[in-house]
Amino acid sequence: MENQNTLIWEVTIWEFVFVTVILAGAAAYMTGRALANSWLGTAHIIAYMVLLAAATRFIHFALFSGTLLSPYYYLVDLVVLLVIATIGFRVTRSKQMARQYGFLGRAQAG
């Protein structure tokens, strides 16, 4: 199998999508939801995604012969996970705000 390394992923695109986007992305989305449900701020997302990105790097290393201590690929994983976690946070928080403060939207419409 030929080496398909590029600037974005060091393993094949399918391995990157499976590990980073699907597996770790699902964990990131659920983490964002959990932080929003507990009414914590967005600063907590960064702390948890730093840890999740490290675990994602380890999975790339252990299963697909990726580099464990690569700052560049760590940052790629971290940015992807931060985006997904923020989406989960914002979706959940907007539902909370609509449910908690729904009277504000009705008052302005009337």
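Predicted model: local features only at pLDDT ≥ 70, side-chain atom pairs only at ≥ 80, totals over all residues.

**Exercise 1.** Find how many aromatic pairs the structure holds, and classify the pair formed by F58 and F61.

*Solution.* Start with the count: there are two aromatic pairs in the structure. Now place the pair on the chain: both residues belong to helix α2, which covers residues 43-64. They are three residues apart, about one turn of the helix.

**Exercise 2.** Classify the aromatic pair formed by Y72 and Y73, and decide for each residue whether it is buried, partly exposed or exposed.

*Solution.* Begin with the geometry: the ring centres of Y72 and Y73 are 5.3 Å apart, with 75° between the planes. That angle makes the pair edge-to-face, because planes over 60 degrees apart fall in this class. Next, take the accessibility. Buried means under 20% relative accessible area, and exposed means over 50%. Y72 has 43% and so counts as partly exposed. Y73 has 16%, so this residue counts as buried.

**Exercise 3.** Work out which residues form a nonpolar patch on the surface, and why F58 and F61 can be part of it.

*Solution.* First, list the members: F58, I59, F61, L63, L68 and L69. Together they have about 620 Å² of accessible area. F58 has 47% and is partly exposed. F61 is partly exposed too, with 39%.

**Exercise 4.** Locate the salt bridge between D77 and R57, and decide whether its two residues are buried or exposed.

*Solution.* The structure holds one salt bridge. Its partners are D77 and R57, whose closest N and O atoms are 3.1 Å apart. Follow the chain next: D77 lies in helix α3, residues 71-100, and R57 lies in helix α2. The pair links distant parts of the chain, with the partners 20 residues apart. Finally, look at the accessibility. D77 has a relative accessibility of 2%, so it counts as buried. R57, at 3%, is buried as well.

Note on methods: Residues numbered from 1 in each chain as written. Heavy atoms only, no water. Phe/Tyr/Trp six-rings, centres within 6.5 Å; stacked < 30°, edge-to-face > 60°. Helix = DSSP H or I, 4+ residues; strand = E, 2+ residues; numbered from the N terminus. Buried < 20%, exposed > 50% of the residue type's maximum accessible area, 1.4 Å probe, protein only. Patch = residues over 30% accessible without salt bridge, like charges linked within 9 Å, V, L, I, M, F, W, Y side chains within 5 Å. Areas by Shrake-Rupley, 256 points an atom, 1.4 Å probe, with all protein chains shown as cover. Salt bridge = Lys/Arg side-chain N within 4 Å of Asp/Glu carboxyl O.
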